[in-house]
Amino acid sequence: MRVLPLTTGAVLLLAGCTSAALPTPSPSSSPTPAPTPAPSPSVATFSVDVSPPEDPPAVRTAIPGERACFLVTVTDPASPASPVTIAASATGATIQGIEPAELVPGTVGEVCVVPDATSVEATAQVTITATRDGVTMSVERSLPVFPMADERLADARPYFDRWAAWLIAEHPELGITAQTEWTPEFVSTLLVVSHYAWWSDEWEVTVAWHNMVAPHDWTEIHLRHRWTDVAPSLAFRIDSVSGGTEPHSVAPPEVVVR
């Protein structure tokens, strides 16, 4: 068989056919940008606690006009030096003070409220909040209010004076002196064992006494160091006031009494 040479026209025709058979590429499209991730919701790295606890209510039963102080602590292992803003609101009571308002973890803050006047038993409600970087934690506390007048200061004063003189003489390391200024504060509506508190810039001390005759007429003093303690850290007892027994150390209460 003879092979004929291709003519110029044939070459052009074949070339045209070949070119027509090739697919025309589509323009490259721009890559779709990845969606911007939504910001993660803020997560609290801190926790807040309030003392006295909700139970038992007897340790925080107040009377109208009493200054009742809740103790607030913040825990934050991740940011132990970052302060948290403390705020509070109440119904049936007035917020008297928050100190400090910027609470650093490891410090004990105080939120003090004064129950409204009432002639019947009532319950105030207190909400304490801790906020940082847009995150807020809250704790609710009820405050039972019993309609009685403060008539215990005169009975409590001799016990306090006795204990203060003993602390000055026997425990100078506490920094309590004859010049220490104290503010008396009603605490606890309990009857058989009466309580009354005195506050200084550094200490909250509560005097308790048993309303019984010798040899059961004991008295105790409980000391809470403000800004560092959420409960009394020291306690002392006289087993019989009329019997003249010597003071001795005892285990402090686990919670503050209000």
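Visitor: In this predicted model, which residue of strand 11 is the bridge partner of Ser-194?
Guide: Strand 10 covers residues 193-199, and strand 11, which covers residues 203-210, pairs with strand 10 in the antiparallel sense over 7 bridges. Within this pairing, the bridge partner of Ser-194 is Trp-209.

Visitor: How many residues lie between strand 10 and strand 11 in their hairpin?
Guide: Strands of a sheet can pair either parallel or antiparallel, through backbone hydrogen bonds. Strand 10 and strand 11 pair in the antiparallel sense, and the number of residues between them in the hairpin is 3.

Visitor: Which residue of strand 10 does Glu-185 stand opposite?
Guide: Strand 9, made of residues 183-186, pairs with strand 10 in the antiparallel sense over 4 bridges. These two strands also form a hairpin with 6 residues between them, and Ser-188 in the turn has a positive phi of about 70°. Across the pairing, the residue that stands opposite Glu-185 is Ala-197.

Visitor: How many of the residues of strand 10 are buried?
Guide: A residue is counted as buried when its relative accessible area is under 20%. By that cut-off strand 10 is mostly covered, and of its 7 residues the number buried is 6.

Visitor: What is the bridge partner of Ile-128 in strand 8?
Guide: Strand 7, residues 122-132, pairs with strand 8 in the antiparallel sense over 11 bridges. In strand 8, the bridge partner of Ile-128 is Val-139.

Methods: Residues are numbered from 1 along each chain as its sequence is written. This is a predicted model: local features need pLDDT of at least 70, side-chain atom pairs count only at pLDDT 80 or more; totals for chains, interfaces and linings use all residues. Side-chain values use heavy atoms; hydrogens and water are left out. Buried means under 20% relative accessible area, exposed over 50%, partly exposed in between (1.4 Å probe, protein chains only). Two strands pair if DSSP finds at least two bridges between them.
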